[in-house]
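Subject: Structure for you to look at

Hi,

Here is the structure I promised to pass on. Have a look at it first, then read my notes below.

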Amino acid sequence: LHNRQLFMQHLAAPAEVPDALEIVRSEGVFLYDKEGHRFIDLVSGVSVSNVGHRHPKVISAIEDQLKKYLHLMVYGKYIQSPQVKLAGLITSKLPNNLQSVFFVNSGSEAIEGALKLAKRVTGRSEIVAFKNAYHGSTHGALSVLGNEEMKYAYRPLLPEIKMLNFNKLEDLEKITTKTAAVIIEPIQAEAGILIPDEEYMIALRKTCDETGSLLIFDEVQMGFGRTGKLFAFEHFDVAPDILCLAKGMGGGMPIGAFVSSKEHMLTLTHNPALGHITTFGGHPVSCAAALASLEVIIEDRLYEKANEKGILFKTKIKKHSIVDHIRQIGLMLGVELKDGYSVSKLIKILQKNGLIVDQFLFNNTSFRIAPPLTINEDEIELSIEKVINSLDSFY
Ligand code: PMP
C-alpha cells in the first residue's frame, strides 16, 4: 500500500485531511513534499519550530546524546546531564518564585501537572479558566478549555470549573477563597491572538494574591521567543505561580514542563509521594534538543528580532483590500479577513502557492502566520509576496 492509502485506512486522526501533504524533508523555514515541491512553513508545526526545522545545533546535540544514552529510568530517579542543565538554563531566565522544573512530555501533561499542583498547594479544588482558551486534550486540560463544542461529548469532566470572559475586569470577582487556581494564556492563541490589557493582568495577579489562588500561565504556545520576549508574561508586569511550557521548547522534539517554586513542588514529593509520575517526561534526547534550542534562542536573541519581523508581515499584508485587520505580537499574527471571504478556501490557495498557514481553533474569520523565528528578510519578502498574490486570486 502507498503511504497515502495507509494514512487514509490505518491512521486514526482527529479530523479528515483529504489533501494531506506528504513531507519528506525539512530545513530552516522550508518543507519539501514527495513530488519535490517546496513550501514555506508559516506555522512552525503550531509554534514548535521556533529555531527552524533541523537547526544544526539541535541536530548536533541530538546526535551527541544518541551516543550516550536514550531512556534510562522513569522521570526523576537519575541525574541526567541534559535534563539538569536544561532546568538550570530555564530557571536562570525566570523569577525567583519559578526555580523548580517538572519535566513532562507535552503541553497537555504540563497543564495536568499544574492543575494537580495547585490542588495540592491550596487544598482547594475549584479552577477558574477562560472562554476560548485552549489548554490541551486530556481530561483535565479539556475541563479548563473554553469551548463547549469540544467538551460536551466527554462530560462529566472535572467539577467546579468557572469560565470567565478574557480581559474583562468585572469577571475577576468570581475568583474567591475557594479558587485553587486561575489558569490563563497570557496571550490567547487559538482564540485568534488576543492580547489582554496590562491593567487587567495586574488586577488578575492582585486578585489571586488576595484570595490565595495560584495563577497558572499557559505559555505552551507563546513561550520561547514567539511573542518578542523569551516568555510572553514579560510583556506584563506580572509573574505566575506556575508556568506551563512545551511546543517551541524542544526545538522539534517532544517535551513539556511545569515550573513553580521549590516549596510548591515539594507537595508532589511528600505525603503522599509520587504526586505526578511520568515515564518519558524530560526524555534525555528531548532535553538535549531543548537545551540547544534555548541556547540558540538566547544567543541569537531571536525573541528581540521576532517583533520587527512580525511588523514586516503586518505592515504589508494589512494593506490588502480583503484584510480587515491584523492582530500581531512578535512573530504571531492573526490575519482577519473581511466578511464573506473564506479562510479555509484561502488556505488551500496559499498551499497551492507554496505557503503553509493554519486556521485557529476558535476563530474562523482569520488565519495564523507564525513562521520559525529564524526566518530571514528574503524569506519574509517572498512569503509576503505569495500571501498577497494568494489574496489577489479571490477576485
Ligand atoms: N496549551 C496551549 C496554549 C496550546 O496551544 C496547546 C497545543 N495547541 C496545548 C496547551 C496542548 O499542548 P499539547 O498538544 O502538546 O498537549
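A quick definition to begin with: helices (H or I, at least four residues) and strands (E, at least two) are DSSP runs, numbered from the N terminus. This is a predicted model, so to speak of a local feature we need pLDDT of at least 70, side-chain atom pairs count only at pLDDT 80 or more, and totals for chains, interfaces and linings use all residues. Residues are numbered from 1 along each chain as its sequence is written, and side-chain values use heavy atoms, with hydrogens and water left out.

Let's start with Ser44. You'll find Ser44 in helix H2 (residues 44–47). Is Ser44 buried or exposed? Ser44 counts as buried, because its relative accessibility is 0%; buried means under 20% relative accessible area, exposed over 50%, and partly exposed in between (1.4 Å probe, protein chains only). The Ser44 side chain also makes a polar contact with the side chain of Arg226, at 3.3 Å. A polar contact is a pair of N or O atoms within 3.5 Å; within protein, one must be able to donate a hydrogen and the other to accept it, and residues adjacent in sequence count only if both atoms are side-chain atoms.

Now the ligand. Which residues surround the ligand? They are Ser106, Gly107, Ser108, Tyr134, His135, Gly136, Glu185, Asp218, Val220, Gln221 and Lys247, where near means that one of a residue's heavy atoms lies within 4 Å. By class, this shell has 2 nonpolar, 6 polar and 3 charged residues. For that count, Ala, Val, Leu, Ile, Met, Phe, Trp, Tyr, Cys and Pro are nonpolar, Asp, Glu, Lys and Arg are charged, and the others, Gly among them, are polar.

Some atom distances to check here:
- Ser108 has a polar side-chain atom 2.6 Å from an oxygen atom of the ligand.
- Gln221 has a side-chain N or O atom 2.7 Å from an oxygen atom of the ligand.
- Lys247 has a side-chain N or O atom 3.1 Å from a nitrogen atom of the ligand.

On its own the ligand has 390 Å² of accessible area, and the protein covers 82% of that. Accessible areas come from the Shrake-Rupley method with a 1.4 Å probe; for residues, only the protein chains shown count as cover.

Stay with Lys247 for a moment. Lys247 sits in the loop between S9 and strand S10 (256–260), and its phi is near 40°, a positive value in a residue other than glycine. Lys247 is partly exposed, with a relative accessible area of 26%. Phe224 also has a positive phi, of about 60°, although it is not a glycine. Phe224 is in the loop between strand S8 (214–218) and strand S9 (242–245), and at 2% relative accessibility it counts as buried.

Then the cis peptide bonds. One joins Arg155 and Pro156, with omega about 0°; Pro156 lies in the loop between helix H7 (148–151) and strand S6 (161–164). The bond from Asn271 to Pro272 is also cis, with omega near -10°, and Pro272 is in the loop between helix H9 (262–265) and helix H10 (284–299).

Last, the salt bridges. Side chains of opposite charge can pair when their charged atoms come close. How many salt bridges does the structure hold? It holds 13, a salt bridge being a side-chain nitrogen of Lys or Arg within 4 Å of a carboxyl oxygen of Asp or Glu. Among them:
- Glu22 pairs with Lys34, their closest N and O atoms being 3.9 Å apart. This pair links distant parts of the chain, 12 residues apart: Glu22 is in the loop between H1 and S1, and Lys34 in the loop between strand S2 (30–33) and strand S3 (38–41).
- Lys206 pairs with Glu210, at 3.5 Å between the closest N and O atoms. Because they are 4 residues apart in helix H8, about one helical turn separates Lys206 and Glu210. Lys206 is exposed at 53% relative accessible area, and Glu210 is exposed at 56%.
- Glu336 pairs with Arg327, at 2.9 Å between the closest N and O atoms, and both residues are buried.
- Glu190, Asp358 and Arg368 are linked in a network of salt bridges.

Happy browsing!
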